[in-house]
Amino acid sequence: MAHDLSNLFSTLASLYEREGRDGANEAVTALKKATTSDHSFSEVDETPFLEEFETAFATNPAPEAIAVQDVLPLIKWHYAGLEDGRIRPEIARHMLTAELLDPDGMIFHPTVRVGLFMQRAGLNYVTRNHAAEECFIMLAGEGFWSTDDGERYHKTAGYVIFHPSMMPHRSETREKPLLAAWRWSGDIGWDQYQLKG
């Protein structure tokens, strides 16, 4: 049976409209176009990390998290490692990314990347940077975020975490996983992604 993700796209567009940056506005335009386009998706065979998703959804989720929960069986998740090994397997195998809109995603878009990110509990996703500007919006669970290897700040559902181009940043989970929306704008290629930690 085929379904659509229009409510999820609409929800993400509303979240990024509040951000107020040019890159966010570009993502909003792409998401709204996807909302009105004729796309349908079949259920995936299996959702990895299902227990972690259930834990995140039970940990003070943002109201918008229900839009993800409702279509979880339709979302194509993959481990967040790059094929060239820049993200070490012991890190990559504990994170999932869903690329909803981008050059390689569920819906093609040439200039923005918009997706979802799941980081399992107990993982230090070490310092990294990239050319794209990036914005995470926490949807459920909790995490500890820092920039330039500075102090780690506890973030829960509703928090917006913005990284300008090439800003070193890291995310750490402890007892709970985290689920976030994410977007990349500007130079969205992976060629300048660097894991520094």
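Strand S7 and strand S13, residues 194-195, pair in the antiparallel sense through two bridges. Two strands count as paired if DSSP finds at least two bridges between them. Helices (H or I, at least four residues) and strands (E, at least two) are DSSP runs, numbered from the N terminus. In this pairing, arginine 128 stands opposite leucine 195 in S13.

Before going on, this is a predicted model: local features need pLDDT of at least 70, side-chain atom pairs count only at pLDDT 80 or more, and totals for chains, interfaces and linings use all residues. Residues are numbered from 1 along each chain as its sequence is written, and side-chain values use heavy atoms, with hydrogens and water left out.

Back to S7, which covers residues 124-129. Strand S11, residues 169-172, is joined to S7 by three bridges, and the two run antiparallel. Here the bridge partner of arginine 128 is histidine 169.

Next, the loop between S7 and S8, where histidine 130 is found. Is histidine 130 buried or exposed? Histidine 130 is buried, because its relative accessible area is 3%. Leaving out residues up to four places away in sequence, histidine 130 touches Ser165, Met166, His169, Trp184, Gln192 and Tyr193; contact means heavy atoms within 4.5 Å. The side chains of histidine 130 and glutamate 134 make a polar contact of 3.4 Å. A polar contact is a pair of N or O atoms within 3.5 Å; within protein, one must be able to donate a hydrogen and the other to accept it, and residues adjacent in sequence count only if both atoms are side-chain atoms.

Four bridges pair S8 with strand S9, residues 153-156, in the antiparallel sense. Phenylalanine 144 stands opposite histidine 154 in S9. The hairpin of S8 and S9 has five residues between the strands, and aspartate 148 takes a positive phi near 50 degrees there.

Last, the cores. A nonpolar core is a set of buried Ala, Val, Leu, Ile, Met, Phe, Trp, Tyr and Cys residues joined through side-chain atoms within 4.5 Å. The largest has 42 residues, and Leu179 is one of those that touch the most other members. Apart from this core lies another, of 21 residues, among them Val126 and Trp184.

Methods: Buried < 20%, exposed > 50% of the residue type's maximum accessible area, 1.4 Å probe, protein only.
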